[in-house]
Amino acid sequence: MTGRHPIDRVRNIGIMAHIDAGKTTTTERILFYTGITYKMGEVDEGTAVMDWMAQEQERGITITSAATTCYWENHRINIIDTPGHVDFTAEVERSLRVLDGAIIILCGVGGVEPQSETVWRQADRYSVPRIVYINKMDRIGVDPERAVEQVRTRFSANPLIIQMPLGREENFRGVIDLVRMKEVDWGDDILGTHFEVRDISIENKDEAQQKRNEMLEQLSDTDDQLMEKYLEGAEISPEEIKAAIRKGTVTLRFVPVLLGASFKNKGVHPLLDAVKDYLPSPLDVPPIKGHHPRTLDIETRKASDDEPFSALVFKITNDPYVGTLSFFRVYSGKVKMGSWVHNATKGEEERIVRILEMHSNKRKDIQEVHAGDIAALGSMKNFSTGDTLCLRSRPIILEAIKFPEPVISAHIEPRSKVEHAKLAEALSKLTREDPTFQVKQDPMTGQTLVYGMGELHLEVLMDRMQREYGVSANLGKPQVAYKETITASGEGEGRYIKQTGGRGQYGHCKIVVEPLKRGLDFEFVDKTRAGAIPKEFIRSVERGVKEAMEMGVLAGYPVTDVKTTLIDGSYHEVDSSSIAYKIAGSLAFKDAAKKAKPVLLEPLMSLEVVSPDVYLGDIVGDIKSRRGKIEEMEMRGGSRVIKAAVPLEEMFGYATNLRTLTQGRGVFSMEFFRYNPTSEVIMKEIIARVEGRMPAHR
């Protein structure tokens, strides 16, 4: 069923999880039962619909967040399937920004894994209401009670159990629905389309009643009317319970917990019902806020077709048939094919030539989109991730998506000279698609440098360049992306004065630099007295400072977290020019930075190792030898979990090392934590290496 849906019947949801929790399999089942696909795809067989990229099918992991639209019981559900691997964290970040609700999938055996915690924290940051789906209930060793306890302790969340398992491990047949007090039994139906809903059997009745009372007690805390009825012992209808669960879920008071075995096609129908019943519509979330591009006044837009049009571009992909696809979320108003939209971020206008409703990598042309919709625009030339689209007459800039900084770099070059232009074009397209992938020139050698979130990230991008753009490139050994900063204040002066026969060049400024809090990057303040430097040249000084920050004074790494104050300068009536002040600004910054006790910053990673207890001593010793700091150790289901903070420089090749130490029984996950100052010894070593006195790796 298609056509315009009332906005209260629209659900924009993400499906998020740790690798191997069964995220893509669950999505595949949802698409099958909602009629989007006629055949179920399997991740294991490489036929999953949502994982349509060649690399995704080969590796069995989700790399891009694929958007798809499906319909369930007169509701339109826009699903974004997000990756679980930490190298593709940008995909999760951009998806959460445009979602109203999420399904967090946990493995019934593994429970809460490190990446589940990362995803949960990201969802917390965007205040996304969510439901938890404990998958793989048919597996040996499944322990949903432990998973629920981990939701409570490790997520600091309030789980609301609304289902009980009907059997477990190989005897898992379905669920007991505590809201309707019914058993939902799939029996031996392989396709999962036929199931029986019946009254709860005698052997399960007492436990179900007890669990239902616990659920009602928890709900009473959030709903006064329900509490009154519960205390009086009055009958509470399923509709009243659903309304209370919805209210608590939307306000983030608790997370409903459901059970299933997606691979065996059991539990997906109740999950779809829970999306419809408990996750918010665009009307349930607060109106979107932004600012006016010129006045900078705060503007709000309600989720309504009657409001002025506003939308956010959250993803760009290159499609072999349509060209560039720009995925966008409409927050307010509506827009038709053929109309003009204003890109407030870039101050440009473009005409809409194609609007597409996406079904994973398939698509359907539609004529217009409304508030709350997620769709794609075809062939838009200058859109980038994070751009705000609106009406020229009612401009607004919505808060852009913040992406983490890339932490490793590598030199890249084409395998043949003729491919230089093709490589540049492919890199340009990939950077538009992926904000955590950056391309720069190495200031020392002039070679092209690519930056990414990890070795797998760069590997996948190289693979895509070969497959999608036909470009073969050589990638150098990945190196750590260091940065520089200052630890004290420093004053610097820059003069650029060239007197020749004709008109000369004159630029002169004095600046003070001081450290900023980590993560604030850059701030520029003008405190010159009136007339010291003409107003039109102030921005030129700032541009010169920014340019100098691209190559620091210690080892040529980018400088970050610096406040620069322009305090004085002078000018020449005839010879002063923008270029002269830009050069003067650059010289002044270098002069000031040298006096401000510069230091090197290195990326510190959060490491979590899970291994049998017997290897604990060896693992801890190895982490300490890598300059790591042990932060926490705990037992989890018979295994030892070690959490540590370790410099990325020391972590290349760690997977092989851990396998050797633990005879292949240890696993680890690692994600970026923060940039940290290096010690004096390490700093001297890195500077010496950069100056060519040492080999590339210690």
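Author: The following account concerns a sheet, the helices and core described with it, and then some individual loop residues.

The model under discussion is predicted. The sheet is an open one, in which 4 strands follow the order 7-8-9-10 with antiparallel pairing. Strand 7 and strand 10 (196-199) stand at its edges; each has a single partner strand, so one side of each is left without a neighbour in the sheet. From one strand to the next, the twist averages 25°.

The pairing of strand 9 with strand 10 can be followed in detail. Strand 9 comprises residues 182-185, runs antiparallel to strand 10, and is joined to strand 10 by 4 bridges. Within this pair, Val184 stands opposite Val197 of strand 10. A helix also packs on the sheet: helix 6, formed by residues 202-220, touches strand 7, strand 8 and strand 9. The direction of helix 6 makes about 160° with that of strand 7.

The loop between strand 7 (163-166) and strand 8 (174-177) contains Glu169. Although Glu169 is not a glycine, its phi is positive, at about 55°.

The account now turns to the nonpolar core. The largest nonpolar core has 42 residues, of which Ile103, Leu219 and Ile245 touch the most other members. Helix 9 (residues 268-278) supplies the largest share of this core, namely 6 residues. Apart from this core lies another, of 34 residues, which includes Val407, Ile412, Val480 and Leu600.

Ile245 deserves a separate description. When its neighbours within four places in sequence are left aside, Ile245 is in contact with Leu160, Ile162, Val179, Leu219, Phe254, Pro256 and Tyr278. Ile245 also takes part in the contact between helix 8 and helix 9. The axes of helix 9 and helix 8 (residues 238-250) come within 9 Å and cross at roughly 75°. The two helices are therefore roughly perpendicular to each other, because angles from 65 to 115 degrees are counted in that way. On the side of helix 8, the contact is made by Lys242, Ile245, Arg246, Thr249 and Val250, and on the side of helix 9 by Lys276, Asp277 and Tyr278. By residue type, this contact consists of 3 nonpolar, 1 polar and 4 charged residues.

Three further loop residues complete the description. Lys136 is located in the loop between strand 5 (130-135) and helix 5 (144-154). Lys136 counts as buried because its relative accessibility is 14%, and the limit for buried residues is under 20%. Not counting residues up to four places away in sequence, Lys136 touches Asp20, Ala21, Gly22, Cys107, Gly108, Val142, Gly260 and Ala261.

Asp561 is placed in the loop between helix 12 (538-549) and strand 34 (562-570). Asp561 is a residue other than glycine with a positive phi, near 60°. Asp561 is buried, with a relative accessible area of 2%.

Gln447 belongs to the loop between strand 26 (438-441) and strand 27 (448-452). At 31% relative accessibility, Gln447 counts as partly exposed. Although Gln447 and His411 are 36 residues apart along the chain, their C-alpha atoms are separated by 6.7 Å. Leaving aside neighbours within four places in sequence, Gln447 is in contact with His411, Glu413, Lys440, Gln441 and Asp442.

Conventions. Residues are numbered from 1 along each chain as its sequence is written. This is a predicted model: local features need pLDDT of at least 70, side-chain atom pairs count only at pLDDT 80 or more; totals for chains, interfaces and linings use all residues. Side-chain values use heavy atoms; hydrogens and water are left out. Buried means under 20% relative accessible area, exposed over 50%, partly exposed in between (1.4 Å probe, protein chains only). A nonpolar core is a set of buried Ala, Val, Leu, Ile, Met, Phe, Trp, Tyr and Cys residues joined through side-chain atoms within 4.5 Å. Contact means heavy atoms within 4.5 Å. Axes are lines fitted to C-alpha atoms, for helices over the stretch in contact, and angles run from 0 to 180 degrees between N-to-C directions. Angles under 35 degrees count as roughly parallel, over 145 as roughly antiparallel, 65 to 115 as roughly perpendicular and the rest as oblique. Ala, Val, Leu, Ile, Met, Phe, Trp, Tyr, Cys and Pro count as nonpolar, Asp, Glu, Lys and Arg as charged, and the others, Gly among them, as polar. Two strands pair if DSSP finds at least two bridges between them.
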